[in-house]
Amino acid sequence: MKQPMTRRLWLSAALPAALLPSATPANLNLRLRSRKLGLAAERGETWSAPQTAIIVCDMWNGHYCQNSARRVTEMVPGMNAMLNKARALGVRIIHSPSGCMDKYEDTPQRRRVKQARISKPPIPLARWCYLDLASEPPLPIDDATSPCDDEVVGPAVKRFDRQHPGLEIKEPDGISDSGEEIFNFFEQEGIRNVVMMGVHTNMCVLGRPFGIRQLVRLGKNVVLARDMTDAMYDPRQAPWVSHERGTELVIEHIEQYWCPTILSKDLTVAANGRTS
């Protein structure tokens, strides 16, 4: 099947020949886990890699919560390796370190998303998608006040200025923290399927203008990579479980009320068994 002319022109202009996708686009076999009445079930689904994007949410180079920053750093090597493999299969990568766009304004990845042609969204785009009790019950963890698990919690001030340096930004990636820009880019590039990963599961991953709530309402096929995320939760607060269990509870909430989850390894192997 021929690519649309605009797609072919973009690829030939933006990428060296070594980075052009193969004549046969890859398909991804995903195992989607969702919940109904609290019970988990899995199903298989095949996604076209060129119609799929990964959004890397707020994987900053610092955080006021030192334990949170440590967990991000621990997640980075595995995430970066996975992104490289997914990229080579034709999956688009969008880096979204919110509040840091000034560091990337002169990069082709930032310009690529900013310059996407404007499309009309099917719903008004929110600047932040708050929890709405008409759509979901309260979250299963208490994150109302300073949900940081440091022994001594410092002031909640900005301690980051860019994405974690261990996450490589390459061609043909994009960079944006704007829901409108990312929607336009997805429409222009024919992106139907979106994988969310990054932090924090109960906050930015759900609520950002490019987060799960907004993307689901826009009609995208959305999944969360459950092994590539972390919640902001302090075990000294309800429901008084470990930090790891608190993150799992939020993931289960998302599976019940918003979208399925996958394991990130599903994004690294094509349906025909080809790996990058």
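Let's start with one residue. Cys259 is buried, with a relative accessible area of 4%. Buried means under 20% relative accessible area, exposed means over 50%, and partly exposed is in between, using a 1.4 Å probe and protein chains only.

A word on the model. It is predicted, so local features need pLDDT of at least 70 and side-chain atom pairs count only at pLDDT 80 or more, while totals for chains, interfaces and linings use all residues. Residues are numbered from 1 along each chain as its sequence is written, and side-chain values use heavy atoms, with hydrogens and water left out.

Now the other cysteines. A disulfide is a covalent bond between the sulfur atoms of two cysteines. The rule here is a pair of cysteine sulfur atoms within 2.5 Å. How many disulfides does that rule give? The count is 1. Cys65 is joined to Cys148, with 2.3 Å from S to S. Their S-S torsion is about 85 degrees, so this disulfide is right-handed. The pair links distant parts of the chain, 83 residues apart. Cys65 sits in the loop between β3 (52-57) and α2 (66-88), and Cys148 in the loop between α3 (108-114) and β5 (174-175). Those element names come from DSSP runs, numbered from the N terminus: helices are H or I with at least four residues, strands are E with at least two. Both Cys65 and Cys148 are buried.

Next, the inside. A nonpolar core is a set of buried Ala, Val, Leu, Ile, Met, Phe, Trp, Tyr and Cys residues joined through side-chain atoms within 4.5 Å. The largest one has 30 residues. Ile55, Phe186 and Met196 are among those with the most contacts inside it. Which helix gives the most to this core? That is α7, with 4 residues. Look at Ile55. Contact means heavy atoms within 4.5 Å. Skipping neighbours within four places in sequence, Ile55 touches residues including Ile94, Ile182, Phe186, Met196 and Leu215. Apart from this core lies another, of 29 residues, including Val56, Met75, Ala86 and Ala270.

On to α2. The expected span of a helix is 1.5 Å times one less than its number of residues. For the 23 residues of α2 that gives 33 Å, and the end C-alpha atoms are 33 Å apart, so the two agree. There is still a kink of about 40 degrees at Val76, shortly before Pro77. The bend at a residue is the angle between axes fitted to the seven residues ending there and the seven starting there. Buried residues of α2 include Asn67, Arg71, Met75, Met79 and Leu83. Their cover includes β3, β4 (92-96), β6, β7 and α7. Just after α2, Gly90 has a positive phi of about 105 degrees.

Now rings. Rings of Phe, Tyr and Trp (its six-membered ring) pair if their centres lie within 6.5 Å; planes under 30 degrees apart are stacked, over 60 edge-to-face, and the rest tilted. That rule gives 2 aromatic pairs. In one, Trp60 and Phe160 have ring centres 3.8 Å apart and planes at 10 degrees, so they are stacked. This pair also links distant parts of the chain, 100 residues apart. Trp60 is buried at 9%, and Phe160 is buried at 16%. Trp128 and Tyr130 are tilted, with 6.3 Å between centres and 50 degrees between planes. Trp128 is partly exposed at 29%, while Tyr130 is exposed at 61%.

Last, the backbone. Most residues other than glycine have a negative phi, and most peptide bonds are trans. Where are the cis bonds? One joins Glu171 and Pro172, with omega about 0 degrees. Another joins Val199 and His200, with omega about -10 degrees. His200 is in the loop between β6 and α5.

Two residues other than glycine take a positive phi: Asp58, near 50 degrees, and Trp240, about 60 degrees. Buried or exposed? Asp58 is buried, at 1%. Trp240 is exposed, at 63%. Asp58 is in the loop between β3 and α2, and Trp240 in the loop between β7 and α7.
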